[in-house]
Amino acid sequence: MKLTQLDLLEISQEIRQCYAPKMSDNTPTLTLMPVAPKHLYAYWNLGNNKPPPLQESSPLPLTLRIYSASDKNNYLNKGYEDIPMSRTQSQQDIFLAIPSNVTSYRASLGICFSDNVLEVFADSNLTQLPQEKSSITPVKADFRSPLIAINKKTYNNASGLAF
Amino acid sequence: MKHGFLSLILHAHLPYVRHPEHDSFFEENWLFEAITECYIPLIGVLDRLQNDKVSYRLTLSLSPPLICMLRDELLQTRYLKYLHQSLELAEKEIIRTRLQPEFQKLARLYRRFYKKTLAIYQNQYDCDLLSAFKKHHTAGTLELITCAATHGLLPLLNISDIAVRNQINIGIETFKTNLGFSPSGFWLPECAYYPGVETLLANAGINYFFVDSHGITNASQRPRNGVYAPLDCGNGVMAFARDPESSRQVWSSQEGYPGDHDYREYYKDIGFDLDLDYIAPYILDSDIRINTGIKYYRITGTDLPKESYNPKKAQAKARQHAQDFINKRQQQIMALNTRMDRPPIIIAPYDAELFGHWWFEGPQWLECVLRLASNPSNPVQTISCSDYLAQQSNHQIAIPSASTWGDQGYFSYWINETNNWIYPFLHKAEAEMEQLVLDFDGLTITSLQKRALNQAARSILLAQASDWPFIMKSGTTTDYANKRITDHLARFNYLHDAIRKNNINNRYLTALETMDNIFPTINFWDYLPSKKNNDSPS
């Protein structure tokens, strides 16, 4: 089958318009990702059937409960760290107050009641964070990916700066 | 007598930029500029060293997207057109600068440069640069290794083992298909390592990989030899660490060689300097100014009027910098020798595209370094990591720490407020693909379904490239990066929907196969949790 450039362009545009990515999954999910030592990124989707507390006018806070996957009992002496999460977002950066020897984590997202019981809406994957043993002085790569780092729209002529 | 080793590694990678749906496309110039300014000059260096019987070892990592683009007929044809256009502009410049002898001399230099490039590309290697690299591999001077399928940042894809496994295995398969042998080493995209990836590398037959310095200094055991000997990850796969000192000398704009005032100024290109009417045929859509590659000035210095470029002076400076580099490695090795239980190996990895593009004189510097290192009186010997491992045994066992060679040393350049929106979509598509393949397990599959499933796998892999979040963070061609990732995810969504509904449109599928023709031998069964060995259903 021979297709013209115009055919390709039209099919490409139609697919982009009709099938652009969107989060429509109704399955509750929570995903943790590593960013840096003591820094995680979490995103979640509680699905359409949110539990009642989320729909009340004065809802209890949404809480991310983080466990050390390697030593659940000793993590912060109580086995977990609770972090308040945004109710209006579905993603958040997480900065941990943790001992540096902990690197593997799991988490649960839910509503935390006054007795510290968490009503869990979603459980996360296991993630590993880098350890921060020594301060690093990374060699700054000023020439990283030079070819793709040129902006054709905002590129300035002869900046006068040596890179 | 040699007291230690220097391993120079060039990592050559560009994202897959191929747009048959357009007559010409700006981002394809990334490839054309790299071929002209980096890859062919590098081949020129290797050919001259071979002709002069210089004994050296160099490692070149070829990323799978680059391998596929260098073998692509459409891009080969378009590159020839680009090169002829550059030659035409250089000839036009010789006439325009007739009253400016300094510039005219440079215009003639560019004409010679483009003519030579054309001769090497078309006549010497028949438009197949991979054959040039393979020639030097066969000669035993160039070690060729590869990288993940689309340069995906593996620690951020590690929500799924299958995603990481396929990035590794499909990358290696692409290399084997095009180069005809298995690579011994593997370049982790952005040197991004997480504990556990060595298992997948071992399963793929890989012997070694690279991490940044702190990946080794922060390893599970204190490294006895610092970053100057590899660590055995516990399964026989070795991790080599980047040497910060030799990296700084080349990478840094403050301390590094490329910022020397005698070198050619990258930022002053006639594409931006000359009248629009004159330069229009050689820029984007005749009205958007872009680099043409013709530049007449040297860096000169901050806040000073730019002075014209003097190639001889720049060449002398490249030789001087090469000597300085070798002297410093000698000093390093002599000092390390007294403290180590084995000969030290200094790992000096760089992006291949630095040499010739940003740093016009980079290939000359590299050639001088390799010539100087080959001198028998020099205590530093160039070596590949494979050769080093063949010579040395009983490596310390420890697990490197998660790390990258990017800004801040971890993953924040690829996951931050500018680009974190992509990950839920990438992970969702991956999960849907795996489920789709699982659902087909045991069913009879038509050739149309097979094509659609293979194309869906290509779409996912193309969406996973680390280049898109990198560009979003760097704030350069962000529209293009957004469009590319959106397109690949939309194409996956379309194919997933069509396959699920058994409503695959051959015309649409053919269009997607034409536009995203990377990895022609891909096998969608690779997305099955327990991978099949053939492509028939169970």
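**Confidence, then packing**

Helices (H or I, at least four residues) and strands (E, at least two) are DSSP runs, numbered from the N terminus.

This is a predicted model, in which local features need pLDDT of at least 70 and side-chain atom pairs count only at pLDDT 80 or more, while totals for chains, interfaces and linings use all residues. Residues are numbered from 1 along each chain as its sequence is written, and chains are lettered from A and ligands numbered from 1 in the order in which they are written.

Chain A as a whole has a mean pLDDT of 76, with 64% of its residues at 70 or more. Over residues 138-146 of chain A the pLDDT is below 50, and beyond near neighbours in sequence this stretch has 27 contacts in the model. Residues 150-163 of chain A are also below 50, with 26 contacts beyond near neighbours in sequence. A contact means that the C-beta atoms of two residues, placed from the backbone, lie within 7 Å. For chain B the mean pLDDT is 95, and 98% of its residues reach 70 or more. The model scores are ipTM 0.91 and pTM 0.93.

Next, the domains. Chain B is divided into domain 1 (4-71 + 128-251 + 342-408) and domain 2 (421-527); such bounds come from an automatic or database domain assignment. Taken over C-alpha atoms, the centres of domain 1 and domain 2 of chain B are 28 Å apart. Their contact takes 26 residues from domain 1 of chain B and 20 residues from domain 2 of chain B. Which element gives the largest share of the domain 1 side? Helix 7 of chain B does, with eight residues. That side of domain 1 of chain B divides into 14 nonpolar, nine polar and three charged residues. In this count Ala, Val, Leu, Ile, Met, Phe, Trp, Tyr, Cys and Pro are nonpolar, Asp, Glu, Lys and Arg are charged, and the others, Gly among them, are polar.

Now the helix pairs. Two packed helices are described by the angle between their axes and the distance between the axes. Axes are lines fitted to C-alpha atoms, for helices over the stretch in contact, and angles run from 0 to 180 degrees between N-to-C directions. Angles under 35 degrees count as roughly parallel, over 145 as roughly antiparallel, 65 to 115 as roughly perpendicular and the rest as oblique.

In chain B, helix 1 (residues 28-51) and helix 3 (residues 73-96) pack at about 70 degrees, with their axes 10 Å apart. That makes helix 1 of chain B roughly perpendicular to helix 3 of chain B. Among the residues that meet here are Phe32(B) from helix 1 and Tyr79(B) from helix 3 of chain B.

Helix 17 (residues 447-463) and helix 20 (residues 506-515) of chain B pack at about 40 degrees, with their axes 10 Å apart. Helix 17 and helix 20 of chain B are therefore oblique to each other.

One pair joins the two chains. The axes of helix 1 (residues 5-18) of chain A and helix 19 (residues 478-500) of chain B come within 8 Å and cross at roughly 85 degrees. These two helices, helix 1 of chain A and helix 19 of chain B, are therefore roughly perpendicular to each other. Ser12(A), Ile15(A) and Arg16(A) meet residues of helix 19 of chain B, including Asp487(B) and Tyr494(B).

Terms used: pLDDT is the predictor's confidence in each residue, from 0 to 100.
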